[in-house]
Amino acid sequence: VAMVATIGTDGRVSKMQIVKPMGMGLDRKALKIVRKSRFKSAMRLGAPVETRALITILFGLPCYK
């Protein structure tokens, strides 16, 4: 699932938009994962600024031998 997210000066995500959905409930799961995450904010002239970022969440099946 790929999404564009706005990351605030506090590192929290304020807005999210799915740009490459997968369906099957994975889009909702990816939004939940990113909403709970904290990021390091972008810096401009030594001060934190709000920025937009492309975030990709990869889902896979466990590999058993």
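Predicted model: local features only at pLDDT ≥ 70, side-chain atom pairs only at ≥ 80, totals over all residues.

Residues are numbered from 1 along each chain as its sequence is written, and side-chain values use heavy atoms, with hydrogens and water left out.

The protein has one helix and five strands; helices (H or I, at least four residues) and strands (E, at least two) are DSSP runs, numbered from the N terminus. In sequence order, the pattern reads β-β-α-β-β-β. The radius of gyration, taken over C-alpha atoms, is 14 Å, well over the 11 Å that the globule rule (2.2 Å times the number of residues to the power 0.38) gives for 65 residues, so the protein is more spread out than a compact globule. The C-alpha trace spans about 50 × 25 × 15 Å along its principal axes.

How much of the protein is buried? Of the 65 residues, 28% are buried, where buried means under 20% relative accessible area, exposed over 50%, and partly exposed in between (1.4 Å probe, protein chains only).

Let us consider the core. The largest nonpolar core has 11 residues in all, among them M3, A30, L31 and V34; such a core is a set of buried Ala, Val, Leu, Ile, Met, Phe, Trp, Tyr and Cys residues joined through side-chain atoms within 4.5 Å. Not counting residues up to four places away in sequence, M3 touches several others, including M16, I18, A53 and I57, contact meaning heavy atoms within 4.5 Å.

Next, the loop between β1 and β2 (13–20) holds G8. This glycine, G8, is buried, with a relative accessible area of 9%. Leaving aside neighbours within four places in sequence, G8 is in contact with S41 and E50. The C-alpha atoms of G8 and Y64, 56 residues apart along the chain, are separated by 40 Å.

Finally, the surface. I33, in helix α1 (residues 26–36), counts as partly exposed because its relative accessibility is 36%.
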